[in-house]
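Hi,

Here is the model I said I would pass on.

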Amino acid sequence: LKILQPKDKIIAVAQEGKKAESVVDLDLQDVVKKIRGKKGTKVTLTVLRQGESSKTFDVTIVRDKIDIK
């Protein structure tokens, strides 16, 4: 099941148990720093999907080690 789709935009990031912070005007590296964290912890992304109508939704993910090849 793919929740995220191409062209979705992350517009806010919330650390577990905290209020979401807008990342709209941040550099990509700064957004990545907010998403990264200790393995097993959760982070919630607020995503904007634009199409015939625009909508926002939250996706909570559990951090894990990612090997980039």
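Helices here are DSSP runs of H or I with at least four residues, strands are DSSP runs of E with at least two, and both are numbered from the N terminus. On that basis the chain has 1 helix and 4 strands, which run β-β-α-β-β from the N terminus on.

Before the details, two housekeeping points. This is a predicted model, in which local features need pLDDT of at least 70 and side-chain atom pairs count only at pLDDT 80 or more, while totals for chains, interfaces and linings use all residues. Residues are numbered from 1 along each chain as its sequence is written, and side-chain values use heavy atoms, with hydrogens and water left out.

Overall picture: the C-alpha atoms fill a box of roughly 35 × 25 × 25 Å along the principal axes. The accessible surface (Shrake-Rupley, 1.4 Å probe, with only the protein chains shown counting as cover for residues) is about 6,000 Å², and 52% of that belongs to carbon and sulfur atoms. Of the 69 residues, 23% are buried (buried is under 20% relative accessible area, exposed over 50%, partly exposed in between, with a 1.4 Å probe and protein chains only). Taking contacts (heavy atoms within 4.5 Å) between residues at least 6 apart in sequence, 45% join residues at least 24 apart.

Now the sheet. It is open, with 4 strands in the order β2-β1-β3-β4 and antiparallel pairing (two strands pair if DSSP finds at least two bridges between them). β2 (21-22) and β4 are the edge strands, each pairing on one side only. Helix α1, residues 28-35, packs on the sheet and touches β1, β2 and β3, with its direction at about 40 degrees to that of β1 (axes are lines fitted to C-alpha atoms, for helices over the stretch in contact, and angles between N-to-C directions run from 0 to 180 degrees).

β3 pairs with β1 over 6 bridges and with β4 over 8 bridges, both antiparallel. A hairpin of 5 residues joins β3 to β4.

Val43 is worth a click: beyond its neighbours within four places in sequence, Val43 contacts residues including Val13, Lys34, Ile35, Val59 and Ile61.

Two more residues to check. Arg49 sits in strand β3 and counts as buried, at 16% relative accessibility. A polar atom of the Arg49 side chain lies 2.9 Å from the backbone oxygen of Ile3. Leaving out residues up to four places away in sequence, Arg49 also touches, among others, Leu4, Asp8, Ser54 and Phe57.

Then there is Lys7, which is not a glycine but has a positive phi of about 75 degrees. Lys7 is in the segment before β1 (9-15) and is exposed, with a relative accessible area of 78%.

Over to you!

Key:
Polar contact = N/O pair within 3.5 Å; in protein donor to acceptor, adjacent residues only side chain to side chain.
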